[in-house]
Amino acid sequence: MSAQPVDRQPGDYQPGDYQFGIYFDALRGRVSDLPMDHATLERRAVAAMAPSLHSYVAGGAGDEATQRRNVEAFSRWGLVPRMLVGATERDLSVSAWGMTFPSPVFMAPVGVVGMVPDGGHGDVAVARAAAVTGVPAVFSTLMDDPLEEVVPHAGETPSFYQLYTPKDRDLAASLVERAERAGYRGLVVTLDTWVPGWRPRDLLSGSFPQLRGHVLANYTSDPVFRRLAGPAGDVEAGVRAWVQTFGNPLTWADLEWLRSLTDLPLVLKGICHPDDARRAVDAGVDGIYCSNHGGRQANGGLSALELLPAVVEACDDRVPVLFDSGVRSGRDVVTALALGATVVGIGRPYVYGVALAGVDGLVHVLRSLLAEADLTMAVNGYPDVAALRANVQRAL
Ligand SMILES: Cc1cc2nc3c(=O)[nH]c(=O)nc-3n(C[C@H](O)[C@H](O)[C@H](O)COP(=O)(O)O)c2cc1C
């Protein structure tokens, strides 16, 4: 990556300063060749990816109306600028579960990111970018490298593990226990994907990476899975065992068991109804993750952003609310925060960063999002999230 943050004393750096690094680099004749907006990022990343991988990442369920609406929903909200505030320092740090994060952004779990770079190991690229930026990642169950080998690359930045709960309870317990032992700091259980949604683009190309044995490293390295699948090296038997155990259609009755698996903070992903949020918090979960999986699964026609405020209200400040689906810019990050999200998940954009330029591309995407979020706060006169929430308005 050519652009570096400007040189300041530790503590003085604000994410928005990233723009000065880019301008000063250009003055020295090093004009960044990385995209500065999402549309360009997507167009160039798509060109860099194999068509089947691209369709898997970019595609969604059904006619993809939910996916589009996820993105469009952000334009229905705006911010009223406040002047003479002097918001020279913006505090966007977030505290949750006894940890403090420098920014209110995280990388959402993306199962195929492991195979996005040439030669694979995309999860390691994600971890490295987390180490550089301080932006934590939630790593998918579907990884290209075993979870133990990925987390050290994140350095001091906390990592989280996302569980697709297998039907086999011993396997679920083993995966969670491994994540805990390896140093992951929280468990995110995804509820909306016990069966894949109807995805025309992938159906058309017959593209489903797991069925070709990709991104199954957490399974093939697991002793319980090995007992289910037989000897390592038999890819076909491994895929067959994976298909048989993958999707556990959890119910409320399973929550106590899930809770018993770990002392780590437990977050439920895919909660979009306030009653579900309330019930989950009452049952002792530590975080609610409002998401419609980017329109790949729950193709209900409503954007996740439209559903967020009621979920936030139901949580009533008892637990952090994580949010993703449709975030494409720093302004979108700010809008989700204004509507009550505690932290905001980035999905497809960071995958495109990896596709375009590996760790450097991913770091650039994150820094650009954070810079835009920070500068949106600055020029609108909001020193913190409270000011932001007081000045958000729905456009007619
Ligand atoms: C290619 C791809 C793979 C994904 N894999 C997972 C996964 O393994 N686990 C999970 O909980 N969510 C997964 N998601 C959903 C993301 O965590 C997130 O909810 C979604 O990307 C948000 O939508 P957006 O990318 O359009 O903003 C995946 C999303 C994409 C695009």
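The space taken by the ligand is the largest cavity of the structure, which is a predicted model.

**Surroundings of the ligand**

| Residue | Ligand atom | Distance |
|---|---|---|
| Ser140 | oxygen | 2.7 Å |
| Tyr164 | nitrogen | 2.8 Å |
| Arg348 | oxygen | 2.5 Å |

In the case of Ser140, a polar side-chain atom lies 2.7 Å from an oxygen atom of the ligand. A polar side-chain atom of Arg348 likewise lies 2.5 Å from a ligand oxygen, while an N or O atom in the side chain of Tyr164 is 2.8 Å from a nitrogen atom of the ligand. On its own, the ligand has 600 Å² of accessible area, of which the protein covers 99%.

**Salt bridges**

Side chains of opposite charge can pair when their charged atoms come close. The structure holds 14 salt bridges. One of them joins Glu148 and Arg178, with their closest N and O atoms 2.7 Å apart. Glu148 belongs to helix H6 (residues 147–150) and Arg178 to helix H7 (residues 169–182), so this pair ties together parts that are 30 residues apart in sequence.

Terms used. Residues are numbered from 1 along each chain as its sequence is written. This is a predicted model: local features need pLDDT of at least 70, side-chain atom pairs count only at pLDDT 80 or more; totals for chains, interfaces and linings use all residues. Side-chain values use heavy atoms; hydrogens and water are left out. A polar contact is a pair of N or O atoms within 3.5 Å; within protein, one must be able to donate a hydrogen and the other to accept it, and residues adjacent in sequence count only if both atoms are side-chain atoms. Accessible areas come from the Shrake-Rupley method with a 1.4 Å probe; for residues, only the protein chains shown count as cover. On a 1 Å grid over the protein atoms alone, a cavity is a set of points where a 1.4 Å probe fits but cannot get out, and a pocket is an open set with protein on both sides within 12 Å along at least five of seven lines; lining residues have an atom within 4 Å of a point. A molecule sits in a cavity or pocket if more than half of its atoms lie within 2 Å of its grid points. A salt bridge is a side-chain nitrogen of Lys or Arg within 4 Å of a carboxyl oxygen of Asp or Glu. Helices (H or I, at least four residues) and strands (E, at least two) are DSSP runs, numbered from the N terminus.
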